Amino acid sequence: MINVTGFFRDAEAWKALAELVIAPIVEQRETGAAIRVWTPACSTGEEAYTIAMLVTELAEAAGKRFQLKVFATDAQEENLRKAREGSYPAAAMSAFPAARLKRFFEKHDSMFQVSKELRDMVVFAAQNLLRDPPFSRLDLVTCRNVLIYLDAESQQRIITLCHFALRPGGHLFLGNAETIGRHEELFETESKKWRIYRKLGAGRHHLIDHPPTRLSTGLLPMDKSTPPPEPNLPAAELARRALLDRFAPASVLIDEKARVLYFHGTTREYLEHPSGEPTRDLLLMARDGLAPTLRAAIRQASRENRSVTVDALMREDKVGLSVTMTVTPVPSAAQSGPFLLVSFVPALPQLDHTRMPVGEAAEDASAGERALLEELKATRAELQNTIEHQETTNEELKASNEEAISMNEELQSTNEELETSKEELQSFNEELNTVNSQLQYKIGELESTTNDLHNLLTGSETATLFLDETFRIRWFAPAIKDLFDLAPSDVGRPISAFAQKFFDENLLRDAETVLKKLTAIEVEVPSSDRWYLRRMLPYRTQDNRIAGVVITFHNITDRKRDADAINDARIFAETIVRTVQHPLLVLNRDLRVQTANIAFRELFAVFEEEPKGRLIFELGSGEWNNPPLRSLLDKVVSAGDEIHNFEIEQDFRLSGHKSMLLTASRLPQQRGRDELILVGIEDVTDRKRAARHREILIAELNHRVKNTLAVIQSIASQTLSQASTVEEARNAFGSRLVNLAKAHDVLTRESWDGADLVNIVTDTVNPHAGGENRFRIEGPHVRLGPSSALAMSMALHELCTNAAKYGALSSDAGQVAIIWRLVGEGDDRRLNFTWSENGGPPVNIPTRKGFGSRLIERALAQELSGTVSVTYEPSGAICIIDAPMP
């Protein structure tokens, strides 16, 4: 069977099904009720999922939830496997509304899969529709586009199967080219256009050819004339059936069209089949004399919805037999339609013959008159009904006549339209003649254009090759012979049969890609001495049909050589720019940065990608927005001047103050491209700082040499004036010079920017320490200037010398405490320095001050701008220095 299916195929038909069938079911059923649907020959499942989507959408719109089961069957396991998976290509979803697609599908790569919720509603199973039994108690069967592939007998069998499977009032949905055939008594048409039918009556088991069952081993076959007993029936049911068979009158169950649905009892006395084709019409089967009265009773019972009893005289062999007929409406489901039960019994005699008056002739006459009167009465009633029916028929005929008149008018209108169409056809014929002339002219133009195009392609140096869908040669330009050895007789041969004169391993693979994706591919391919640009694109016909590929080869040897030379020059230039240690910038005419080398980014703390495309004046925090620099670059851009060693100074937020020499010149460009500006920057900040520092050092050295010579001269003068012998003078002068040199060493380590008081004290007293605990040094770090440091060092040396000669350091038990501290805040901060000796010999107050005492008092007081006091206690000398430390 052909698998032709799709989601919502024939959308109008599905819309009609939703309105006529599914919507009423959803409206009538309560929440939680079951809805059962069968889709035979479901193919890959699109139709089954369509039903599930429709029911779900209408149920959600009504605020209800149902136990929906869609039974989808097919004879092919491969179809069922795909249907269970529920994955479909994106092309099948192209017409889906976005909301429905999002609600019921999940996207996986290029496929859409039905959601698990929807897949759980559909049960897929293998079934041979002609061999296997159907489902039952179904609300809907969608058997679309199945019957058209079967013969007439198979079609009728499937129709009876669908009737059996449906519950009373269930619906059958067929394809647009399918009908229920001769089984009009089984279904009522709901929509003739969209082939929607409603089941009539109950299931007809006798219409279905069930497969024969095999008898169990050990059981004897039953006599065909004896109906098989039904096992396990309760006694009440057996009694009810026996009473019905014995006492119930002969009856038939008919529908609203008087078609017999069921026979009970022996009805051959009242009904017989007429000659001709079989029929189930009760009125045609009624014996002579019963039909008119029975027709009137059926109409009255249907109209008044009550039981109607009538008597009729059945005529057989000119002997009348009175029959009582009762027509009773039978309650049924709304979908099944109204049913009527017609019962037949012999009429009871009107008089008791045992009590008749004397006189047989009178009795016979009286009985005959009564019979005639009864028949006359029945005839009048039937006549009245016939008149009413005739009037109704006349009204219908009048309506039909009016419709016929209307149709006649329509036919006349159609005839006029046909006349008009004839005239239009004549006009079209003239137009076709004109178009034919134009086509002849177009053909001439096309031949001329074809010749021009052929000469163009033949005379072009571009090698062109046309291939069909199987990569066989369709046409080639003469220039292609430089790449393939082709002859005119090679047209139609596969291109893979020819050797290539160039290096291209992906030729056929790219051709397959072009046919698959319909996109152009450009690749540069080399030959032994040339380069070609191979361009491949789809071969499109006039009606936009893909009929192969077009391959062109353009000789780009010169362009490739120039590109290589340009690339080498670019690499050379970039290497130079990267190698140069000076910062370099390349700007365009708009002064936007094109390139900044590593030295520029490192020196000015600019991130790698930050400068690209930005104005030079916007770099950093705007530090380059310097008026002199603007004027310089304007000269380069407008006048083309070259600027050399233009000095500017600028403060940068991240890299501090910079002194720079700028050199700028234009870089000419070829082929009309905008010129560039090369800006070279030399950072001379360290050079200028070093020059200033050298000048300062020279001046400082000159000043310090002069001061040192003055100090030495003073030390020498004072030493010689105080010494009693030359040896004493030499020793004192030498020790003082050594201490002065040590103080210079401390200042030199600090680059003569000053020295820490801790270092001054430690370096000065260490030569006099002797033991480990001779000096106790305590105090914070205090920075002194060069002059103050020298004065403090010389004073400490004198104190140590006096202590070694006369004080605490002259004995082994003597100790010296050197303690200082800072007091006050801000401008009121002061240094309190104390030298205190103890543990030495008793100290005698000197009668005169020597050079050391005067040096301590005068030099420190002068250099520190403070006060110095020296006192002599019995425990040792005490020197207190108090100086401001702002």
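These questions and answers cover ring pairs, charges over rings and one threonine in a predicted model.

Local features need pLDDT of at least 70 and side-chain atom pairs 80 or more, while totals for chains, interfaces and linings use all residues. Residues are numbered from 1 along each chain as its sequence is written, and side-chain values use heavy atoms, without hydrogens and water.

Me: How many aromatic pairs does the structure hold?
Reply: Rings of Phe, Tyr and Trp (its six-membered ring) pair if their centres lie within 6.5 Å. By that rule the count is 17.

Me: What is the angle between the planes of W820 and F833?
Reply: Planes under 30 degrees apart count as stacked, over 60 as edge-to-face, the rest as tilted. W820 and F833 are stacked, with centres 5.9 Å apart. The angle between their planes is 20 degrees.

Me: Is W820 buried or exposed?
Reply: Buried means under 20% relative accessible area, exposed over 50%, partly exposed in between (1.4 Å probe, protein chains only). F833 is buried. W820 is also buried.

Me: Which residue lies over the face of Y539?
Reply: A charge sits over a ring if NZ of Lys or CZ of Arg is within 6 Å of the ring centre and within 35 degrees of the ring normal. K560 does this over W531, at 4.6 Å. Over Y539, at 4.5 Å from the ring centre, it is R474.

Me: Why does T39 count as buried?
Reply: T39 makes a side-chain polar contact of 3.0 Å with T142 (N or O atoms within 3.5 Å; within protein, one able to donate a hydrogen and the other to accept it; sequence-adjacent residues count only if both atoms are side-chain atoms). T39 counts as buried because its relative accessibility is 0%.
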